[in-house]
Amino acid sequence: MFLSPGAIYPGMPEQFAYPAAFGDLITAVLALMAIPFVLRGSVFARSLVWVFNVFGTVDLLVAIVTATIYNAPVVMGPAYWIPAFWVPLLLVTHYVTFILLRRGGPF
């Protein structure tokens, strides 16, 4: 969304938009790669979920920091709902996943 004209106002800082967009893309690919391994109960499932979860958490934290540094929220326009709703929800989801991974949860 941060690279889509119309979803944001003109002037979105590239220092925020590109790392956030590509970090989200890589996180999504990692999640999609882990799903079949988790469903099959593979020995690689836990490792893949760890990689996805660490990368996804770092991606969110980097996005929060760079958005703050480069004042991105003022040009988010209609995409404001991403940091207002999805980022906190995803941080909680990653936290819960870390708890499950540490406890030896269902992966």
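The structure is a predicted model, in which local features need pLDDT of at least 70 and side-chain atom pairs count only at pLDDT 80 or more, while totals for chains, interfaces and linings use all residues. Residues are numbered from 1 along each chain as its sequence is written, and side-chain values use heavy atoms, with hydrogens and water left out.

**Overall architecture**

- The secondary structure of the protein comes to 3 helices and 0 strands, where helices (H or I, at least four residues) and strands (E, at least two) are DSSP runs, numbered from the N terminus.
- From the N terminus on, the elements run α-α-α.
- The C-alpha trace spans about 45 × 20 × 20 Å along its principal axes.
- Of the 107 residues of the protein, 32% count as buried.
- Among the contacts in the protein with a separation of 6 or more, 71% come from residues 24 or more positions apart; contact means heavy atoms within 4.5 Å.

**Packing of α2 against α3**

- Two packed helices are described by the angle between their axes and the distance between the axes.
- The axes of α2 and α3 come within 10 Å and cross at roughly 150°; axes are lines fitted to C-alpha atoms, for helices over the stretch in contact, and angles run from 0 to 180 degrees between N-to-C directions.
- The crossing of α2 and α3 is left-handed, a term that applies if the near helix is turned anticlockwise from the far one by less than a right angle, whereas clockwise is right-handed.
- Residues making the contact include Trp-50, Phe-52, Asn-53 and Leu-60 of α2, and Leu-90, His-94, Phe-98 and Leu-101 of α3.
- The residues of this contact divide into 13 nonpolar, 5 polar and 2 charged; Ala, Val, Leu, Ile, Met, Phe, Trp, Tyr, Cys and Pro count as nonpolar, Asp, Glu, Lys and Arg as charged, and the others, Gly among them, as polar.
- His-94 has its place in helix α3 and is buried, with a relative accessible area of 6%.
- Not counting residues up to four places away in sequence, His-94 touches Phe-52, Asn-53, Gly-56, Thr-57 and Leu-60.

**Aromatic pairs**

- A pair of aromatic rings is described by the distance of the centres and the angle of the planes.
- The count comes to 5 aromatic pairs; rings of Phe, Tyr and Trp (its six-membered ring) pair if their centres lie within 6.5 Å, and planes under 30 degrees apart count as stacked, over 60 as edge-to-face and the rest as tilted.
- One of these pairs, Tyr-18 and Phe-22, is stacked, at 6.2 Å centre to centre and with 15° between the planes.
- Both Tyr-18 and Phe-22 lie in helix α1, 4 residues apart, about one turn of the helix.
- Tyr-18 is partly exposed at 39% relative accessible area, and Phe-22 is partly exposed at 43%.
- The ring centres of Trp-50 and Phe-98 are 5.6 Å apart and their planes are at 50°, so this pair is tilted.
- Because Trp-50 lies in helix α2 and Phe-98 in helix α3, the pair ties together parts that are 48 residues apart in sequence.
- Phe-98 is partly exposed, with a relative accessible area of 22%.

**Nonpolar core**

- The largest nonpolar core has 15 residues, of which Phe-2, Met-12, Phe-16, Ala-72 and Met-76 touch the most other members; such a core is a set of buried Ala, Val, Leu, Ile, Met, Phe, Trp, Tyr and Cys residues joined through side-chain atoms within 4.5 Å.
- Helices α1, α2 and α3 each supply at least two residues of this core.
- Leaving aside neighbours within four places in sequence, Met-76 is in contact with Phe-2, Ala-7, Ile-8, Tyr-9, Met-12, Phe-16, Ala-67 and Pro-83.

- Thr-27 is found in helix α1 (residues 14–40) and counts as buried at 10% relative accessibility.
- The residues touched by Thr-27, not counting those up to four places away in sequence, are Phe-52, Phe-55, Gly-56 and Asp-59.
- Asn-71, in the loop between α2 (45–69) and α3 (81–103), has a positive phi of about 55° although it is not a glycine.
- Asn-71 is partly exposed, with a relative accessible area of 46%.

Key
Buried < 20%, exposed > 50% of the residue type's maximum accessible area, 1.4 Å probe, protein only.
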